[in-house]
Amino acid sequence: MENILFKNIQDNINSVLEEIISAAKIAGRDPSEIKLMAVTKTKPLEYAEAAYKAGIKLLGENRVQEMEEKYSSFHSDAEIHLIGHLQRNKVKKAIAVACSIDSIDKYETAEELSKCCKALGKDISILLEYNTSGEQSKNGFSSEKELFESIDKIRNLENLNIKGLMTIAPFTDDEKAIRGSFRMLANLFRKIEASHPDLKIDTLSMGMSSDFKIAIEEGSNIIRIGTRLFGSRN
Ligand SMILES: *Cc1c(COP(=O)(O)O)cnc(C)c1O
């Protein structure tokens, strides 16, 4: 049973890796600059173990509680990222497990994160989440002005490394809308790179199971894949 699960997940990983390579080629990019994050939310630990065994060290969870249950004593060389909304009262729990919070959407959360990291004497990476779809249900900074003002405050907080940006495309079949969303994030990324060269941002996290090829064409270097690796969620 366990071997069948491993074999399935390994096959799924390999086919996604092949698609990353072909999407990168189409875009004239080097595939080795694109990382595959396995998103294990709602799936049991065995699934995460299988992905790890198949060579995936970058894992994403979207809820703090579930991340803690699954990953508090996982392989020490795995990189666990929180990709879902972080509430201030869960910051301490989150930093005990995650090496990166990819969903910072307010200054206040970053401030609390900085305070808790400082108390523990540890540094953490962060991505700023931007709401490129304009959908009310989505988190993230929602205007360029808000994003840039927040960067100027967040960058002064101790123990935090701003690594880049993250977004979720709109839920639609409209490829143009999806591409527009990714392109908007890539443009913001370039703007920050140009105006804040000292930050040395290097991460553009965008693209999920249904839209990662478009994201790669638009410059993504972390794609976050759940369904294509582990099957659909209930
Ligand atoms: C669930 C989730 C994913 C993965 O979605 P799939 O469509 O299953 O690949 C990626 N990013 C975030 C932020 C998520 O919450």
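**Exercises: the pockets, the ligand and the cavity**

By class, ten nonpolar, eleven polar and seven charged residues make up the lining of the largest pocket. (Nonpolar is Ala, Val, Leu, Ile, Met, Phe, Trp, Tyr, Cys and Pro; charged is Asp, Glu, Lys and Arg; the others, Gly among them, are polar.) The model is predicted, so local features need pLDDT of at least 70 and side-chain atom pairs pLDDT 80 or more, while totals for chains, interfaces and linings use all residues. Numbering starts from 1 along each chain as its sequence is written, and side-chain values use heavy atoms, without hydrogens or water.

**Exercise 1.** Find the middle of the largest pocket, and say which residues lie nearest its centre.

*Solution.* Start with the term: on a 1 Å grid over the protein atoms alone, a pocket is an open set of points with protein on both sides within 12 Å along at least five of seven lines, a cavity is a set where a 1.4 Å probe fits but cannot get out, and lining residues have an atom within 4 Å of a point. Next, the lining: 28 residues, with Lys41, Ile168, Phe171, Met208 and Arg233 nearest the centre. Last, the volume (the space filled by probe spheres set on the points, joined across faces, edges and corners) comes to about 620 Å³.

**Exercise 2.** Work out where the ligand sits and which residues are around it.

*Solution.* Second, list the shell (a heavy atom within 4 Å): Val39, Lys41, Asn62, Ile83, Ile168, Met208, Ser209, Arg224, Ile225, Gly226, Thr227 and Arg233. Third, sort that shell: five nonpolar, four polar and three charged residues.

Now look for polar contacts (N or O pairs within 3.5 Å). Lys41 puts a polar side-chain atom 2.6 Å from an oxygen atom of the ligand. Arg224 has a side-chain N or O atom 2.8 Å from a ligand nitrogen.

**Exercise 3.** Describe the second largest pocket and its lining.

*Solution.* Begin with the space, about 220 Å³. Then check the lining: 15 residues, of which Lys35, His81, Lys163, Thr203 and Ile222 are closest to the centre. Finally, sort them: four nonpolar, five polar and six charged.

**Exercise 4.** How many cavities of 30 Å³ or more does the structure hold, and what lines the largest cavity?

*Solution.* Count them: one. The largest cavity holds about 30 Å³ of space. Around it you'll find Leu128, Ile151, Ile162, Gly164, Leu165, Ile192, Leu199 and Ile201. Sorted by class, that's seven nonpolar, one polar and no charged residues.

Note on methods: A polar contact is a pair of N or O atoms within 3.5 Å; within protein, one must be able to donate a hydrogen and the other to accept it, and residues adjacent in sequence count only if both atoms are side-chain atoms. A molecule sits in a cavity or pocket if more than half of its atoms lie within 2 Å of its grid points.
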